[in-house]
Amino acid sequence: MKPSSRITIITLLGFWLTIFGGLPLLLLLVTSFLGQHPEKFFELNFSLESYRQLLDSSYLDILLRSIKQAVITTLLCLVISYPFVWLTARMNKRNRNIVLILVMIPFWTNSLIRTYAVRIIIGTNGLLNKMLLGLGLIDSPLRLMYSETAVVIGLIYLMLPFMILPLYANLEKFDYRLVEAARDLGAGNTQIFLRIALPLTLPGIIGGSIMVFVPTMGLFYVASLLGGGKNLLVGNLIHQNFLVSQNWPLGAAMSTALILMLLSMLLAYTFILRKMKSREVAG
Amino acid sequence: MKKGVLTITDLSKSFDGLSVVKNFNLVISQGEFVTLLGPSGCGKTTLLRLIAGFDKPDSGTIMLDDKDIGCTPPEKRQVNTVFQSYALFPHMTVFDNIAFGLKITKTKKSELLSRVQNVLKQTQLESLAHRFPSQLSGGQQQRVAMARAVVNRPRVLLLDEPLSALDARLRQEMQIELKKLQRNLNITTILVTHEQDEALSLSDRIVVMNQGAIAQIGTPREIYEEPKNLYVARFIGEINQLPARVEEVNNSGNLTINVLGKNITIAKEIDCAKGDRVHLLLRPEDLRISGDIDEAMPRFSGSIIDRRYRGATLDTTIRLDTHDITLQACEFFDEDDPDFDYSIGEKVEVSWVPGWEVLLKDET
């Protein structure tokens, strides 16, 4: 590539990033340091009040609960996806593509609509209960709706492809001959998983986990629709502060804190990846 | 007769109705180096995978020290494989790769250390113990793969075309190293290859395979000098093939055959009758040209149509004046006449060293 065209591309990219990434972030950051006002969105003076409020125990509780739910969702997504992706990656090319398309089709529907679909399925008179009652497996309908379980089910359903796709991208490259080599050297299935498959697919596992964990923290409408207001998450708080109680500085401070937390996770991931890469490339 | 370590009886395997290994029988004794030799698709790799346990036989038995291991999973067999792709674990150092099998079997730490160190020394990998596989050259990776297998002291070591990824020169070096290691450790070894010179130089015995069956079993010398059929003769080395007819079967076991219109009596015992069609097989180095021909031998006239200087030898292609036959000859330079050479088109007479010929019945 000619140096001049390279500079053009970098300039364009820089422009694009500044306008759509940097500027909104900067606005958010500035807003978070503004004073709060009971009637207006904010007051134009420097204040750390919003950050001080963040340390309030009720907010911290919600943050911890959000993290807990995101962790549970991420782990369950991983446990569900890993064997599925492992088998998919071993299929022939045609079947593999069919399976991947099936995974992606729900993506084309709005996630809000899909959340309503989950309501219909797990509701007290929903499909799941009707089926279980019909089969005689339960005597009275399960009360799943408006609970943490319902929120986690909804989150898993929405986030599963975000785990499956990064895992697939990684597992597809996994050299299955290594499994034979390990078996030949005496390793059983557990040993093969722990010593060979797990360490070699770690980038996919971490990548998928971040892809699930990060959006899960902010998916407020899943908690509203399936958790019924009792199970507020960080996303709900931010949503409320910006759109309901119109306390922009507090919402911005919450967003900033969330962004910082997720950013540090991404940095840790990049660091681990680089460490693994430096092993595989001649040094 | 030494005791058999590995005894394969009537082993058969087919994939999708296609028979890949057919009624295979082989007994391998302790410390023996046996090569399965054949073109790709002859079933040699499948046979190796059956012995390793990656595939299950359709019928027949595989006995390892009097124990039927036909249905034992690979991780429970005292057999280790060196894979064609090496299949080294990329996230482990050379040391950890080699120690893998010992760690799995929960070997005592002190014993593990000493055994890995010992193998590292024998494979000259001591200084590379803490490198990762991607930081090694092809030959070094090959050695790690060898070390990783032999450190477990397998009853049988399986080598699946272990040198095929190396360039010719390195392959030669590794052949010597491989043989040395195998001899030092006295490990019973089965090598799968399609390289005949690898088979000839490494093996105690060679099993030439053709479409899942044994074409011939023998020492490298037997395989090369006394091929039992045309398939083996053609597969191992270059060979000249002349059509002949049996003229007379003498009482003493001698045969008189007619080759390209000339009669010759040779001392060969093959089961044939007067009038049978046979093939006279001659290696390029069996041929003698013009001045070197033994007086008792028939001479065929022809002309040189190609000559190739090969350093130690001079290879020539000779077209016979009659019968539209070309022969490949290979002559060594000797001290008496270091400058000998031929010009293209030169008229020569050609014959062979008496007794060096191979006679095979026509199989068609």
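**Close-up views of chain A in a predicted model**

**View 1. A salt bridge joins A:Lys68 and A:Glu148.** The side chains of these two residues meet at 3.5 Å, N to O, a salt bridge being a side-chain nitrogen of Lys or Arg within 4 Å of a carboxyl oxygen of Asp or Glu. A:Lys68 lies in helix H3 (residues 57-90) of chain A and A:Glu148 in helix H7 (residues 148-171) of chain A, so the pair ties together parts that are 80 residues apart in sequence. By this rule, 25 salt bridges are counted over all chains. This is a predicted model, in which local features need pLDDT of at least 70 and side-chain atom pairs count only at pLDDT 80 or more, while totals for chains, interfaces and linings use all residues. Residues are numbered from 1 along each chain as its sequence is written, chains are lettered from A in the order in which they are written, and side-chain values use heavy atoms, without hydrogens and water.

**View 2. Helices H8 and H9 of chain A pack in a right-handed crossing.** H8 (residues 177-184) and H9 (residues 189-218) pack at an angle of about 140°, with axes 10 Å apart; axes are lines fitted to C-alpha atoms over the stretch in contact, and angles run from 0 to 180 degrees between N-to-C directions. A crossing is right-handed if the near helix is turned clockwise from the far one by less than a right angle. H8(A) contributes A:Leu178, A:Val179, A:Ala182 and A:Arg183 to the contact, and H9(A) contributes A:Asn189, A:Ile192, A:Ile196 and A:Leu200 (contact: heavy atoms within 4.5 Å). These residues divide into 6 nonpolar, 1 polar and 1 charged.

**View 3. A nonpolar patch lies on the surface.** A:Leu25, A:Ile259, A:Leu260, A:Leu263, A:Leu266 and A:Leu267 together have about 540 Å² of accessible area (Shrake-Rupley method, 1.4 Å probe). Patch residues have over 30% relative accessible area and no salt bridge, with nonpolar side chains joined within 5 Å. Helix H12 (residues 248-280) of chain A supplies the largest share, 5 residues; A:Ile259 is placed in this helix. Helices are DSSP runs (H or I) of at least four residues, numbered from the N terminus.

Key:
Helix = DSSP H or I, 4+ residues; strand = E, 2+ residues; numbered from the N terminus. Nonpolar A, V, L, I, M, F, W, Y, C, P; charged D, E, K, R; others polar. Patch = residues over 30% accessible without salt bridge, like charges linked within 9 Å, V, L, I, M, F, W, Y side chains within 5 Å.
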